[in-house]
Amino acid sequence: MIDHRRLRVALLGAGSVGSQVANLLLTQASELSERAGADLELAGIAVRDVDAARDVDLPRELLTTDAESLIVGADIVIELMGGIEPARTHILAALNSGADVVTGNKALLATHGAEIFDAADQLGASVSYEAAVAGAIPIIRPLKDSLAGDRIQRIFGIVNGSTNFILDKMDREGLSAEEAQRIATDLGYLEADPTLDLEGYDAAQKAAILASLAFHTHVSLDDVHREGIENITADMIDGARRAGFTIKLLAVCERLEGEDGESISVRVYPALISREHPLASVHGGNNAVFVEAAAAGDLMFYGAGAGGIQTASAIMGDVVSAARRHIAGGVGVGESPRQSLPTAPIGRIMTRYQVTLEVADEPGVLAQISGIVSEAGVSVATVEQTPSSDAEGRAHIVIGTHRAREQALSDTVARLAESDVVERVVSVLRVEGE
Ligand code: HSE
């Protein structure tokens, strides 16, 4: 019989994910022990308020408000408090006291990742964060380990479940943005500060984490071009559907080749996706991430992007790995940010635009618009005109461009907006996934 070591696990935070993690550690102790090669003893759970209501009943004697004392002597510290402080200080303290860290804190890693990973490297400890991106879906370990010998060209997908839920409700049930958002709020899908989801911060944090791993470069939230779904209306969703598209909030991390060498582009924005594209079938709060690698080709990762028990699965995988490393000894496998690729401005990317303009329904208007677009060197792929539902004597012209540099496309829209024949630019959306 194997003589198992006992590892002390400190859990910081008992929210929807933390309480599930505590429950799994307590109820599956013997199975986990066999898999990890060590008994995982939940030494305590640091919380703000020991009397707060929780998703799962937890033994009261494990709850404490003293995170600092709990960290001292822990072998593995699971940080699920979220936010920057005190999570950052606790993680650094845990590493300094010889613990391995498991965290789901995307906001912290996207802003202070370099500091935390450098500290872990210096101390030979590991920081694992599978739960920080795309909930239950294993995506961090595939990028860090399975694809470590490949060259990633592009990562592309849906990494925010709540905005996908909202856009999906609008698309499939014809709801307004407000109605869909209210349902998402009632179901508890949105972050405590909903602007994190709606304005694309959450997806941008995840994109920064994915790009850092994929391109071996420190990418922080400030490097990510970010647009949210706050301006997406039911009319836009309707127009997209009629044209054979759906609207998804996408995260794109891309390697760009240029005359001056390689750079990367990391961006989050709502975009039109063909209804035939696999991402169009990602419904509700699910996530899906495509990875394009030079040797492996195209890979797709799909599943629950959020949820307490689902995200707890990702945390538990990291805990078992951290336990195995702790037992085996040796230094943790750190990040590899040495390529230090520069981030290209958004104007450098290649994309396609779909622009909806409100114009006077008069002879010659279309010719003038075509003139403006072609003078800008942008090639038109499709043009469609429909009468405006809001204004008499006006029409909506929907122009789909061919692929071009973003800078040329946005300059073209600026010229159209200034021209006498355009009453207003109703919407501008990129078309992706082609
Ligand atoms: N707010 C996040 C989402 C939770 O909607 O995807 C999971 O990270």
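R430 pairs with E227 in a salt bridge, with the closest N and O atoms 3.0 Å apart. The model is predicted. R430 sits in strand β17 (residues 422-432), while E227 sits in the loop between β8 (225-226) and α11 (234-242). The pair therefore ties together parts that are 203 residues apart in sequence.

The two partners can be described by their accessibility. R430 has a relative accessible area of 7% and is buried. E227 is partly exposed, at 27% relative accessibility. Salt bridges that share partners also build a network, made of R154, E254, R267, E292 and E432.

## Other salt bridges

The whole structure holds 30 salt bridges. One of them links the side chains of R35 and E31, at 2.2 Å from N to O. Both residues belong to helix α2 (residues 29-36). They are four residues apart, about one turn of the helix. R35 is partly exposed, with a relative accessible area of 44%. E31 is partly exposed too, at 41%.

Another salt bridge joins R60 and D51. Here the closest N and O atoms are 2.7 Å apart. D51 counts as exposed because its relative accessibility is 55%, and the cut-off for exposed is over 50%.

## The annotated lysine

Which residue does the UniProt annotation "active site" cover? The record, an unreviewed entry, places it on K206. Such annotations may be inferred rather than shown by experiment.

K206 lies in helix α10 (residues 201-215). Is K206 buried or exposed? K206 is buried, with a relative accessible area of 5%. Its side chain makes a polar contact of 2.6 Å with the side chain of D202. Leaving aside residues up to four places away in sequence, K206 touches K106, A132, V133, A134, V159 and N160.

## A buried glutamate

E358 is part of strand β13 (residues 350-360). The relative accessible area of E358 is 4%, so this residue counts as buried. What does the side chain of E358 contact? A polar contact of 3.1 Å joins it to the side chain of H396.

## Domains

The domain assignment gives three entries: domain 1 (5-136 + 309-328), domain 2 (140-305) and domain 3 (349-432). Domain 1 is listed with two segments, 5-136 and 309-328. The centres of domain 1 and domain 3, taken over C-alpha atoms, are separated by 52 Å.

## Overall fold

The secondary structure of the protein comprises 14 helices and 17 strands. Along the principal axes, the C-alpha atoms fill a box of roughly 85 × 50 × 35 Å. The radius of gyration is 24 Å. A compact globule with 434 residues would have a value near 22 Å, so the protein agrees with that expectation.

How much of the protein counts as buried? The share is 52% of the 434 residues.

Terms used: Residues numbered from 1 in each chain as written. Predicted model: local features only at pLDDT ≥ 70, side-chain atom pairs only at ≥ 80, totals over all residues. Heavy atoms only, no water. Salt bridge = Lys/Arg side-chain N within 4 Å of Asp/Glu carboxyl O. Helix = DSSP H or I, 4+ residues; strand = E, 2+ residues; numbered from the N terminus. Buried < 20%, exposed > 50% of the residue type's maximum accessible area, 1.4 Å probe, protein only. Domains from an automatic or database assignment. Polar contact = N/O pair within 3.5 Å; in protein donor to acceptor, adjacent residues only side chain to side chain. Contact = heavy atoms within 4.5 Å. Rg over C-alpha atoms; globule rule 2.2 N^0.38 Å.
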